[in-house]
Amino acid sequence: MDDLSQIRLEKLQKLEELGVPTYPYEFNKTHDFKEIIENYKQHSNEELEKVEQVFKIAGRIIALRKMGKSSFLHLFDGEEKLQIYIRQDMMPEKDYAVYKLLDIGDIIGASGKLFRTHSGELTLLAAELTFLTKSIHPLPEKWHGLQDKELRYRQRYLDLIVNPDTRKVFNLRSRIIQQIRLFFYQQGYLEVETPMMQPIPGGASARPFVTRHNALGIDLYLRIAPELYLKRLLVGGMEKVFEINRNFRNEGISMKHNPEFTMLEFYQLYKDFNYYMDLTENLISLLNKEFLEDGRIVFQGQEISLKPPYPRKKYMDLISEKAGISLEDLWDEEKLKAFIEKNMPTEDMPPTYGKMLELLFDHYVEASLQQPTYVTYFPKAISPLSKKSRQDSRETERFELYIAGMEIANGFSELNDPLDQRGRFEAQVKDREKGDDEAQLIDNDFLTALEYGMPPAAGEGIGIDRLIMLFSGADSIKEVILFPLLRPKTGLPGESGEPGEQAEAAGADETEPGARR
RNA sequence: GGGACGUUAGCUCAGUUGGCAGAGCAUCGCCCUUUUAAGGCGGUUGUCGCUGGUUCGAGCCCAGCACGUCUCACCA
């Protein structure tokens with residue numbers, strides 16, 4: 001315990017000696033700061049004098065300016081800040097004694113009337129003060145806030161207290177998700193929740209996290225996608241379903257990747273992928289209307305227009321154009337291999353044809369897709385769950401929406417032919433044997449479901465975190481996830497890092513799971 | 001996993017050629033009844049990430065480790 005905390009604990013002790021409840025149970029506030037500011041922002045001092053209402057408010061002290069027998073404090077209620085004015089001659093003696101023991105960071109309630117200061121700031125003249133909670137630790141500095149990204153993520157609560165923009169991002173996130181839900185509810189979609197723990201991780205190409213169910217004695221996987229379960233619901237007759245929930249992928253962490261991330265998936269019977277490209281444009285139009293001035297965003301210094309419609313370009317055409325390889329050669333595995341050997345000599349040769357295509361796409365195409373673009377008709381080799389194209393059986397009715405070089409959405413006409421699906425899974429098995437450890441696994445239970453008959457349907461997934469990045473201008477996915485995954489700290493700040501001991505201690509904890517709760 | 005950079009007071013950051021550990025804010029004391037990063041005067045505050053090495057002497061040089069940030073790879 002450092003000196004600063006010691007001093008604050010002593011103040012807490014003094015409050016107790018004064019008979020002040022130091023951890024009271026409730027405080028009946030009458031207004032949020034936002035309400036007060038919005039209702040009275042136009043009122044002059046004369047008008048405020050006529051307001052009879054007494055306002056009871058509560059918040060955390062984030063600034064404290066003492067001037068002899070009076071003080072101005074700024075309180076922060078999590079969303080807005082409001083100034084309160086304290087005068088010794090306007091307040092009960094006991095409350096003033098409490099005030100003198102306050103620190104920045106403490107949480108208090110106050111009641112009184114509103115007025116405007118000489119400089120025009122709407123301020124509450126405190127007639128009463130209620131102590132609510134002590135902050136034993138000092139807050140980060142008022143002017144620079146909390147800059148250290150690591151501390152901002154590890155101690156997000158501090159970030160939220162001292163960096164107002166952080167709160168704005170998460171408010172926006174909540175409102176966007178709310179609008180998305182509304183959008184689907186209004187079209188008659190049913191919101192569902194499907195398993196996070198799956199015996200066979202399916203629906204995407206990614207490495208899963210493994211976990212263990214002791215009672216059943218089986219390994220389970222945290223889901224990499226909800227897709228195969230949502231399609232079971234289509235078989236069951238749910239005509240329009242969506243799910244907003246976490247997916248888990250055991251991959252690297254980057255500005256665009258967090259191991260757990262939020263995915264919106266939605267499905268509708270009797271529709272195809274064209275319908276969902278249109279629907280996605282409608283959804284983004286709605287979000288534009290709600291959250292953007294003119295449908296434009298500035299993302300990493302670049303202006304991007306989110307105004308639909310978006311151009312639709314074939315996957316193979318894009319590679320052919322950007323990489324400078326003929327379509328004929330692109331469809332020929334041997335010629336493609338030769339192209340990679342010649343033009344990308346530093347790359348390891350991908351183990352499968354599909355991986356070769358992805359290599360070219362990532363290398364030549366992805367970064368060029370800054371303005372919103374639908375990439376369409378993905379080859380069958382890399383789309384094991386999509387229906388084959390009506391026009392070219394080598395391709396599928398699949399699209400991905402790219403914005404700012406990021407994949408935002410992925411949708412297709414869902415493959416509902418169980419025999420074709422089985423064949424696609426078997427092709428995936430072959431890919432796995434060739435060394436593609438992300439190839440999908442056969443899910444026989446899912447195939448059985450398809451065999452009962454899944455109507456034609458469209459399906460799509462949208463990466464919510466990335467969508468929020470676009471609308472908030474955040475340059476990192478960590479800025480839109482409250483608690484992004486960080487390596488756990490070994491030892492407390494100041495302690496010497498003895499990683500071996502720490503790991504051992506953590507391991508010992510794990511051996512008695514029952515003792516943990 | 002690779003590379004670059006970083007880690008100094010509660011926070012934001014300086015720290016020169018290797019020679020007493022610094023500033024602002026916070027905090028403590030005094031003054032101050034309309035301040036706005038309030039102001040004035042005076043104090044306190046450190047395992048310089050960890051471990052070792054070089055040196056008469058290391059925040060600074062060297063090695064290893066830990067953690068972070070950025071970036072590349074993989075992925076959405």
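**Figure 1. A sugar or linking oxygen of RNA strand B lies 2.3 Å from a polar side-chain atom of R466.** The model is predicted, so that local features need pLDDT of at least 70 and side-chain atom pairs count only at pLDDT 80 or more, whereas totals for chains, interfaces and linings use all residues, and side-chain values use heavy atoms, with hydrogens and water left out. Residues are numbered from 1 along each chain as its sequence is written, while chains are lettered from A and ligands numbered from 1 in the order in which they are written. A base oxygen of RNA strand B is 2.9 Å from a side-chain N or O atom of T117, and at Q147 a polar backbone atom is 3.1 Å from a phosphate oxygen of RNA strand B.

**Figure 2. The surface around RNA strand B comprises 56 residues, of which H118, S119, H257, N258 and R466 come nearest.** Of the atoms of RNA strand B that come within 4 Å of the protein, 53% belong to sugar and phosphate; a residue is near the strand if one of its heavy atoms lies within 4 Å of it. Helix α5 gives the most to this surface, with five residues, where helices (H or I, at least four residues) and strands (E, at least two) are DSSP runs numbered from the N terminus. By residue class, the surface divides into 26 charged, 15 polar and 15 nonpolar residues; Asp, Glu, Lys and Arg count as charged, Ala, Val, Leu, Ile, Met, Phe, Trp, Tyr, Cys and Pro as nonpolar, and the others, Gly among them, as polar.

**Figure 3. Five strands form a closed barrel in the order β1-β2-β3-β5-β4, with mixed pairing.** From one strand to the next the twist averages 55 degrees, and two strands are taken to pair if DSSP finds at least two bridges between them. Helix α2 (residues 33-40) packs on the sheet and touches β1, β2, β3, β4 and β5, its direction making about 85 degrees with that of β1. Such axes are lines fitted to C-alpha atoms, for helices over the stretch in contact, and the angles run from 0 to 180 degrees between N-to-C directions; contact means heavy atoms within 4.5 Å.

**Figure 4. Strand β4 (residues 107-116) pairs with β5 (residues 122-133) in the antiparallel sense over ten bridges.** On the β5 side, I107 is bridged to T133 and F115 to T123, while β1 and β4, also antiparallel, are joined by six bridges, with R60 having I107 as its partner in β4. Five residues lie between the strands in the hairpin of β4 and β5, where G120 takes a positive phi near 95 degrees. Eight of the ten residues of β4 are buried, that is, under 20% relative accessible area, with exposed meaning over 50% and partly exposed in between (1.4 Å probe, protein chains only).

**Figure 5. T352 is placed in the loop between α12 (333-343) and α13.** This residue counts as buried because its relative accessibility is 0%. Apart from neighbours within four places in sequence, T352 is in contact with D431, K434 and D436.

Terms used. Polar contact = N/O pair within 3.5 Å; in protein donor to acceptor, adjacent residues only side chain to side chain.
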